[in-house]
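User: Here's a fold I'd like to talk through with you. Let's take the helices, then the sheet.

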Amino acid sequence: MPTDVRPRLNREVTSFVRRSARMSDSLRNRYDAQVGGLVVDVPQGALRTSVADDAAPLDLPMIFGRTAPVVVEIGCGPGDSLVPMARARPDLDLLAFEVFEPAAAALVARAVREDVTNVRVAPVDAVAGLERLVAPGSLTEVWTFFPDPWPKLKHHKRRLVDPAFADLVASRLRPGGRWRLATDWAEYADRMRDVVGGHPAFAAEPEDRGDRPVTRFERRGLAEDRPIADLVYRRVG
């Protein structure tokens, strides 16, 4: 069962590569106008995408304006999967962690344009976000779609999905909650199966994409004839 003890990761890992890019003034203005609304105002640490060590878990009912099951998506990009899935599942609240600010801004603009109100974006790294901003046992699902595969062997240590991160996700999911993962790198899919499938807090369910739309990353993988793996694990205990 999840406890109130926060697992501490043994290394400083980030969910995606930090990239810099400029936004248009109009996109910047629309994004800034949503800080405190669709954009969660997070206490920052030393870096722009970090979280203050003393940050308290988010009051999710207050942030969303209601009490509902909460899903976290890690690295949502511009919302290719998140916005359509949020629109199709109005009974859920979806919290996205995205460090690439222009992508987060594009997601916010799309959510506003399509009047999708059950989405919030936290522009911080997902590991720190889960660890410090999400209370143990509070999530219905976690989505990790197409994380950076770091295909070179020497870079595998940078991959997000490892035993320490599986511990963290397990602690934040409620019993019966699900972790959904997708990748177009067969070797990374095998690693996910080993790490999550071998974790005592998870039981594998049939691989299924469910209602996940095709994303730009998936299209790229399909164009290069890479098989898509959609993995599903249930939190047990």
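Analyst: First, a word on angles: under 35 degrees counts as roughly parallel, over 145 as roughly antiparallel, 65 to 115 as roughly perpendicular, and the rest as oblique. This is a predicted model, so local features need pLDDT of at least 70 and side-chain atom pairs pLDDT 80 or more, while totals for chains, interfaces and linings use all residues. Residues are numbered from 1 along each chain as its sequence is written, and side-chain values use heavy atoms, leaving out hydrogens and water.

User: How are H1 and H4 oriented to each other?
Analyst: Helices here are DSSP H or I runs of at least four residues and strands are E runs of at least two, numbered from the N terminus. The axes of H1 (residues 25–33) and H4 (residues 101–113) come within 9 Å and cross at roughly 75°; axes are lines fitted to C-alpha atoms, for helices over the stretch in contact, with angles from 0 to 180 degrees between N-to-C directions. H1 and H4 are therefore roughly perpendicular.

User: How many charged residues are in the contact of H1 with H4?
Analyst: Contact means heavy atoms within 4.5 Å, and here Leu-27, Arg-28, Arg-30 and Tyr-31 of H1 meet H4 residues including Glu-101, Pro-102 and Val-108. For classes, Ala, Val, Leu, Ile, Met, Phe, Trp, Tyr, Cys and Pro are nonpolar, Asp, Glu, Lys and Arg charged, and the others, Gly among them, polar. The contact of H1 with H4 has eight nonpolar residues, no polar ones, and charged ones numbering three.

User: Is the crossing of H5 and H6 left-handed or right-handed?
Analyst: H5 (residues 126–133) and H6 pack with axes 10 Å apart at about 40°, which makes H5 oblique to H6. A crossing is left-handed if the near helix is turned anticlockwise from the far one by less than a right angle, right-handed if clockwise. H5 passing H6 is left-handed.

User: Which strands are the edges of the sheet?
Analyst: Strands pair if DSSP finds at least two bridges between them. This open sheet of seven strands has mixed pairing and the order S3-S2-S1-S4-S5-S7-S6. Pairing on one side only are S3 (119–122) and S6 (202–205).

User: What handedness does the crossover from S4 to S5 have?
Analyst: S4 (residues 139–145) and S5 (residues 173–183) pair in the parallel sense over six bridges, with Phe-145 opposite Ala-182. The chain gets from S4 to S5 through H6 (residues 163–172), and a crossover is right-handed if, with the strands pointing away from the viewer, the path from the first strand over the helix to the second runs clockwise. This β-α-β crossover is right-handed.

User: Which residue of S7 stands opposite Arg-178?
Analyst: S5 and S7 (residues 229–235) run antiparallel, joined by six bridges. In that pairing, the residue opposite Arg-178 is Arg-234.
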